[in-house]
Amino acid sequence: MRKIQMVDLKGQYDGIKEQVNSSFQEIIEETSFINGPHVHGFQKELEEYLNVKHVIPCANGTDALQIAMMGLGLKPGDEVITADFTFAATVEVIALLQLTPVLVDVDPETFNIDPQKIKDAITPKTKAIVPVHLFGQVANMDEIMQIAKEHDLYVIEDNAQAIGANYHSDKMGTLKAGTMGDIAATSFFPSKNLGCYGDGGAIFTNNDELAHTIRGIVNHGMYERYHHDVVGVNSRLDSFQAAVLRAKLPKLNGYNAARRSSAAKYTSALKNIENLETPVLIGEQDSHVYHQYTLKIKNGKRDGLAKHLQEKGIPFGIYYPIPLHLQKAYADERYNEADFPVTNQLVKEVISLPMHSELDDEQIEYITSALIDFLKK
Ligand SMILES: *Cc1c(COP(=O)(O)O)cnc(C)c1O
């Protein structure tokens, strides 16, 4: 059996090696390291793939979130509602811009922000909602967009984990994750579903004016060379990363289908096992791209299982072990433990299995057998 890895970037590289190597060679020969033709080419290709008017590449997903909030003109003291159960980057940039993060609990089945909890958290200071499409499944955008409309709030989608997922909406039709809100941020960190070979990110929007504002913000607030109209940042995708992403983008649907197929195999092998709950898919198959395949392990058995997997040489991840409202940097007297029953429970139960486009049946069989052996004894 091939060695099991949490993500298999080398195996994936083997399928795009010639294109990546020749692009890298060309970039070096042409010394087009920054803002070269690959960056522009990738931008256009991603706009087409997502069916969105504007893609603005930047240096990483955390920057993308920050720049999106800067572009919307959010001001210190504005409240921004997001999920308690997500990667810290989401809340970090809210705090960094001196906006007020308002963390709310999530849905126990999808792990995504609970629309009812959003409603409960709205105050006159609320300006934006940041749904995170966690683990690759799109949040309940129909309800979130409705709430945003009623209360005149911006929606900033954190699409770092769900690129390529489709959302089948009653009202909006079928749209790609990251193209429904006012603006979206994504990450091309190597382990994401569409990952480069270093850091990378992008912002998407259908709003022409916002796109123009943001193109200046990513470039030191310049709209005309050496005229700095607003305080900006320096956040660029480099040509090497763009070249990798151009090689991978045409294969993204295939990569996501491979993840979905591995997820289905895991789920079918792990049905009806005591103390184990497989991920819940809401909606159609293609609305989940399984950035992570995350189980819930009940009755205090998660940590013992983790130890067992480690002994068997099976990598796993605990995403995420601590609710954001309990992290030192983001703890606040405003929060009440009773408001986070779901997240507080999930952090004790979740465990993510190896998930990538290169998993084979023998590996899946080995992993699921190890889980079953432990939970049945
Ligand atoms: C990865 C990730 C980010 C940050 O992306 P970076 O490129 O690592 O800065 C933000 N939000 C979520 C949900 C992520 O998974």
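Start your tour in the largest cavity, which holds about 90 Å³ of space. A cavity here is a set of points, on a 1 Å grid over the protein atoms alone, where a 1.4 Å probe fits but cannot get out; its volume is the space filled by probe spheres set on those points. This is a predicted model, in which local features need pLDDT of at least 70 and side-chain atom pairs count only at pLDDT 80 or more, while totals for chains, interfaces and linings use all residues. Residues are numbered from 1 along each chain as its sequence is written, and side-chain values use heavy atoms, without hydrogens and water.

Next, select L9, Q12, K192, R259 and H356: among the 14 lining residues (an atom within 4 Å of a point), these lie nearest the centre of the largest cavity. Now colour domain 1 (9-104 + 112-250) and domain 2 (252-375); both give residues to this lining, so the largest cavity lies between them. Those bounds come from an automatic or database domain assignment.

Now move to the ligand. Around the ligand (a heavy atom within 4 Å) you will find N60, G61, T62, T86, F87, A89, V132, D158, A160, Q161, S187 and K192.

- D158: a side-chain N or O atom is 2.8 Å from a ligand nitrogen.
- Q161: a side-chain N or O atom is 2.8 Å from a ligand oxygen.
- S187: a side-chain N or O atom is 2.6 Å from a ligand oxygen.

Technical notes: Polar contact = N/O pair within 3.5 Å; in protein donor to acceptor, adjacent residues only side chain to side chain. 1 Å grid on protein atoms, 1.4 Å probe; cavity = no way out; pocket = protein on both sides within 12 Å on 5 of 7 lines; lining within 4 Å.
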